Amino acid sequence: MLVTPKYAEELLKMNTNNRKVRQTKVDSLAESMKKGEWELSNDAIVISEGNVLLNGQHRLLAVVKSGVPCNFIIYTGASDSA
């Protein structure tokens, strides 16, 4: 799915229980996205059945920072305990 910066912001509103953001990781991913070097991988953006972002905060923050829409696999309905 193509994730725009606006959609990434919406998904990040579900980010209520994730590890601390590593800004250097976000910056590196954003730079890659700006250069057109981002590649789709099998590492999905994961959202639980309770609408909590479980995986993908750094990639989504990088989309917002870069302003570049990127493709991701989005998996919804994961167990809240996943």
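The model is predicted, so local features need pLDDT of at least 70, side-chain atom pairs count only at pLDDT 80 or more, and totals for chains, interfaces and linings use all residues. Residues are numbered from 1 along each chain as its sequence is written, and side-chain values use heavy atoms, with hydrogens and water left out.

Helices (H or I, at least four residues) and strands (E, at least two) are DSSP runs, numbered from the N terminus. Strands of a sheet pair through backbone hydrogen bonds, either parallel or antiparallel. Here, two strands pair if DSSP finds at least two bridges between them. An open sheet is formed by 3 strands, in the order β3-β2-β5, with mixed pairing. The edges are taken by β3 (53-55) and β5, each with a single partner strand, so one side of each is left without a neighbour in the sheet. From one strand to the next, the twist averages 30°. Angles run from 0 to 180 degrees between N-to-C directions, and axes are lines fitted to C-alpha atoms, for helices over the stretch in contact.

The pairing of β2 and β5 is parallel and spans 4 bridges. Within β5, T76 stands opposite I47, and A78 is the bridge partner of S48. The strands β2 and β3 run antiparallel and are joined by 2 bridges. In β3, N55 stands opposite V46.

Burial was assigned from relative accessible area: buried means under 20%, exposed over 50%, and partly exposed in between (1.4 Å probe, protein chains only). Both faces of β2 are covered. I45 and I47 are buried on one side, and V46 and S48 are buried on the other.

The hairpin of β2 and β3 has 4 residues between the strands. N51 lies in this loop between β2 and β3, where its phi is positive, near 60°. N51 counts as partly exposed, because its relative accessibility is 48%. In sequence, N51 and M14 are 37 residues apart. In space, their C-alpha atoms are 6.2 Å apart.

Helix α1 covers residues 5-12. Its buried residues are P5, A8, L11 and L12. Seen down the axis of α1, these residues fall within an arc of 115°, so they line one face of the helix. The arc is that of the directions from the helix axis to the C-beta atoms. The buried residues of α1 pack against β1 (2-3), β2, β3, α3 and β5, where contact means heavy atoms within 4.5 Å. K6 also has its place in α1. K6 is exposed, because its relative accessible area is 63%. The C-alpha atoms of K6 and V63 are 9.0 Å apart in space, although the two residues are 57 residues apart in sequence.

Helix α3 (residues 57-66) lies across β2 and β3 and runs at about 105° to β3. This helix is mostly covered, with 7 of its 10 residues buried. They are Q57, H58, R59, L60, A62, V63 and S66. The cover over these buried residues includes β1, α1, α2, β2, β3 and β4. After α3 comes G67, whose phi is positive, near 75°.

S66 is found in α3. It is buried, because its relative accessible area is 13%. A polar atom of the S66 side chain lies 3.3 Å from the backbone oxygen of V63. A polar contact is a pair of N or O atoms within 3.5 Å; within protein, one must be able to donate a hydrogen and the other to accept it, and residues adjacent in sequence count only if both atoms are side-chain atoms. Leaving aside neighbours within four places in sequence, S66 is in contact with A30, M33 and K34.

Aromatic rings were also examined. Rings of Phe, Tyr and Trp (its six-membered ring) pair if their centres lie within 6.5 Å; planes under 30 degrees apart count as stacked, over 60 as edge-to-face and the rest as tilted. The count comes to 1 aromatic pair. The ring centres of W38 and F72 are 5.4 Å apart and the planes are at 50°, so the pair is tilted. W38 lies in the loop between α2 (23-34) and β2 (45-48), and F72 in the loop between β4 (70-71) and β5 (74-78), so the pair ties together parts that are 34 residues apart in sequence. W38 counts as partly exposed at 22% relative accessibility, whereas F72 is buried, with a relative accessible area of 2%.
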